[in-house]
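Please look over the sequence and the structure before reading the points below.

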Amino acid sequence: MDTQSLQAFLAVADHGSFSLAAEQLHLTQPAVSKRIAGLEGQVGAQLFDRLNRRVTLTEAGHTLLPRARQILVMFDDSRRALSNLSGDVSGSLTMATSHHVGLHRLPPLLKAYTQAHPDVRMDMRFLDSEQAYQGVLDGDLELAVVTLAPVPDPALTVVPVWIDQLRFVCGREHALAGRDTVALSALSDYDAVLPGHLTFTRGIVVDTFARDGLQVNVSLSTNYLETLKMMVAIGLGWSVLPETMIDDEIEVMPIDHRPIQRPLGYLFHKSRTLSNAARAMLGMLDDARDTTARGWS
C-alpha cells in the first residue's frame, strides 16, 4: 500500500470527484483511476461507488478513510524527523492563518521569517479559524495562527500571542451613535452584523449577552471583518470589531459592560513531529507574544 495510492484515495474522497482529485494532484484522470484500482486490488474491496457522475465512499472506503489519513500523517512525521537531524531550516512549511490575523498581525513577522530562512518554501493558506483548527487536527496543516477557540481541543498545543480588544461599534448615523453611555440591553433592540454562527468570535459575543439574559438579533453575517466594518459604516447594524480596525468611518459605543477580549495565537498537534521550519516560526511567534497574552488563561 504505497503513499501515492493513499494520496489519490484521499483526494477523491475529499472532492467526491476523480477529475478534481486529478487537478489537485497534477495528474491525469486515468492515472488517478489506475492508482485507485491498484489500491482496491491491494485491500480486496471496492472503495468508491460511481453513480450518475457522483462518486461516494463504500462501506470499505469509509473504514479505510481515517486509517489512510493516519498512515500519511505518520509517513510525513517520519520524513520530518529524519530531515530535522540535519539541523537545516529548509523544506516546506504548511501553515494556515485567518484573513484578519494574516492582514493585521503577521506581515512583519512573515517578512522577518522569510529573510532569515530563505530556503523554506511557505505553503500559506488563508482559512477561517475554525477550518484551520480542523486542518491541524486532521494533519493537513503543520501550524495555524488564528483566533483561538474558547475551549481548545486537548489534542492541540495552543499558545496565545496577541489579545484583541473588541469594541462595540456602530455607524455615525446609527440611532445609538453619540450617546454618553449605552446599556448592553439596548443593543438587543437593534440589528447586529456579526461573523457566522459557527465562528469563535460570534460565540464570544453571543455568550457575553447570554450571561446577562440577553439575545442578539443578527441580520447579516460574514466572516470577513473588513466587510463587517463596511456594513457598520453604511448603517446596516452594530457590530463588535477589534480595536485595531477602528477609524473615523465608525463610532465606538460606550457600553456599560466589561471589555470583550479574544486571544489570537498559534496551535499545532501534540502528536506531530514539527519540522525545523515550523520550530523556527514558533520561536519568532513566541518572541512576538505581548504581555497580556503571556498572562492569558
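This is a predicted model: local features need pLDDT of at least 70, side-chain atom pairs count only at pLDDT 80 or more; totals for chains, interfaces and linings use all residues.

His26 is exposed, as its relative accessible area is 74% and the threshold for that term is over 50%. This residue lies in the loop that joins helix H2 (18–25) to helix H3 (29–43). His26 also has a positive phi of about 60°, although it is not a glycine.

**Overall form**

- The protein contains 12 helices and 11 strands.
- Its C-alpha trace spans about 70 × 50 × 30 Å along the principal axes.
- Of the 297 residues in the protein, 44% are buried.
- Among contacts with a separation of 6 or more, 74% are between residues 24 or more positions apart.
- The accessible surface comes to about 15,200 Å², and carbon and sulfur atoms account for 50% of that area.

**Domains**

- The domain assignment gives domain 1 (3–74), domain 2 (83–162 + 263–295) and domain 3 (163–261).
- The C-alpha centres of domain 2 and domain 3 are 28 Å apart.

**The largest nonpolar core**

- In soluble globular proteins, nonpolar side chains tend to be buried together.
- The largest nonpolar core of this protein has 22 residues, and Leu93, Leu143 and Leu285 touch the most other members.
- Two or more residues of this core are supplied by each of strand E3 (91–97), helix H6 (107–116), strand E5 (143–147), strand E6 (156–171), strand E11 (260–269) and helix H11 (276–288).
- Helix H11 provides the largest share of the core, with six residues.
- When neighbours within four places in sequence are left aside, the contacts of Leu93 include Tyr113, Val120, Met122, Leu143, Ala277, Ala278 and Met281.
- Leu93 is also in contact with Arg121, Asp123 and Glu142.

**A nonpolar patch on the surface**

- Leu220, Met230, Ile234 and Leu236 form a nonpolar patch on the surface, and together they have about 350 Å² of accessible area.
- Ile234, one of these residues, is placed in the loop between helix H10 (225–233) and strand E9 (239–242).
- Is Ile234 buried or exposed? Its relative accessibility is 56%, and the cut-off for exposed is over 50%, so Ile234 counts as exposed.

Definitions and conventions. Residues are numbered from 1 along each chain as its sequence is written. Side-chain values use heavy atoms; hydrogens and water are left out. A nonpolar core is a set of buried Ala, Val, Leu, Ile, Met, Phe, Trp, Tyr and Cys residues joined through side-chain atoms within 4.5 Å. Buried means under 20% relative accessible area, exposed over 50%, partly exposed in between (1.4 Å probe, protein chains only). Helices (H or I, at least four residues) and strands (E, at least two) are DSSP runs, numbered from the N terminus. Contact means heavy atoms within 4.5 Å. Patches are made of residues with over 30% relative accessible area and no salt bridge: like charges are joined within 9 Å, nonpolar side chains (Val, Leu, Ile, Met, Phe, Trp, Tyr) within 5 Å. Accessible areas come from the Shrake-Rupley method with a 1.4 Å probe; for residues, only the protein chains shown count as cover. A salt bridge is a side-chain nitrogen of Lys or Arg within 4 Å of a carboxyl oxygen of Asp or Glu. Domain bounds come from an automatic or database domain assignment.
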